[in-house]
Amino acid sequence: MSLAHYLFLGSLLFLIGVFGALTRRNILGILMSIELMFNAANINLAAFNRFLHPQGVVGQALALFIITIAAAELVAGLALVLAIYRNTDTVYVEDFNLLKG
């Protein structure tokens, strides 16, 4: 497999994530789409590291950092969703009116 194959896979996953984040009504679906975009960035980082600097570990280190940030983002997002769900009994974003005055 060449670098182009990995970049194509990464861009395809990223576009699916963007599509999901923009079209989903369910907040859990939006969070999963954001995770998909993080994973697409990880694939690109690992591919660039493999093909441009095969003896270096900077790409893998950045991928691990992004995985850590994604896990923290998911935990914070799920905690917010759970808190909002307890008050509104819905997970649909159009029903959220917490910031409206």
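Predicted model: local features only at pLDDT ≥ 70, side-chain atom pairs only at ≥ 80, totals over all residues.
**Helix H3**

Start with helix H3, which covers residues 58-88. H3 has 31 residues. From its first C-alpha to its last it reaches 44 Å, close to the 45 Å expected at 1.5 Å a residue. Several residues of H3 are buried: Gly59, Ala63, Ile66, Ala70, Gly77, Val81 and Ile84. What do they pack against? Their partner is helix H2, residues 27-52. An α-helix has 3.6 residues a turn, so residues three or four places apart point the same way. Just after H3 comes aspartate 89, which takes a positive phi of about 60°.

**The nonpolar core**

In soluble globular proteins, nonpolar side chains tend to be buried together. Which residues make up the largest nonpolar core here? There are 7 in all: Ile27, Ile30, Leu31, Val81, Ile84, Val91 and Phe96. H2 and H3 each supply at least two residues of this core. The largest share, 3 residues, comes from H2. Look next at isoleucine 27. Leaving out residues up to four places away in sequence, isoleucine 27 touches Val81, Val91, Val93 and Phe96.

**On the surface**

Now turn to the outside. Phe8, Leu12 and Ile16 form a nonpolar patch on the surface. Together these three have about 300 Å² of accessible area. Leucine 12 lies in helix H1, residues 3-23.

Alanine 4 counts as exposed because its relative accessible area, 52%, is over 50%. Alanine 4 and alanine 47 are 43 residues apart in sequence, yet their C-alpha atoms are 9.2 Å apart in space.

Methionine 1 sits in the segment before H1. Methionine 1 is exposed, at 71% relative accessibility. Beyond its neighbours within four places in sequence, methionine 1 is in contact with Tyr6 and Phe51. Its C-alpha is 37 Å from that of leucine 78, which is 77 residues along the chain.

| Residue | Relative accessible area | State |
|---|---|---|
| Alanine 4 | 52% | exposed |
| Methionine 1 | 71% | exposed |

Note on methods: Residues numbered from 1 in each chain as written. Heavy atoms only, no water. Patch = residues over 30% accessible without salt bridge, like charges linked within 9 Å, V, L, I, M, F, W, Y side chains within 5 Å. Areas by Shrake-Rupley, 256 points an atom, 1.4 Å probe, with all protein chains shown as cover. Salt bridge = Lys/Arg side-chain N within 4 Å of Asp/Glu carboxyl O. Helix = DSSP H or I, 4+ residues; strand = E, 2+ residues; numbered from the N terminus. Expected span 1.5 Å × (residues − 1). Buried < 20%, exposed > 50% of the residue type's maximum accessible area, 1.4 Å probe, protein only. Contact = heavy atoms within 4.5 Å. Core = buried A, V, L, I, M, F, W, Y, C linked by side-chain atoms within 4.5 Å.
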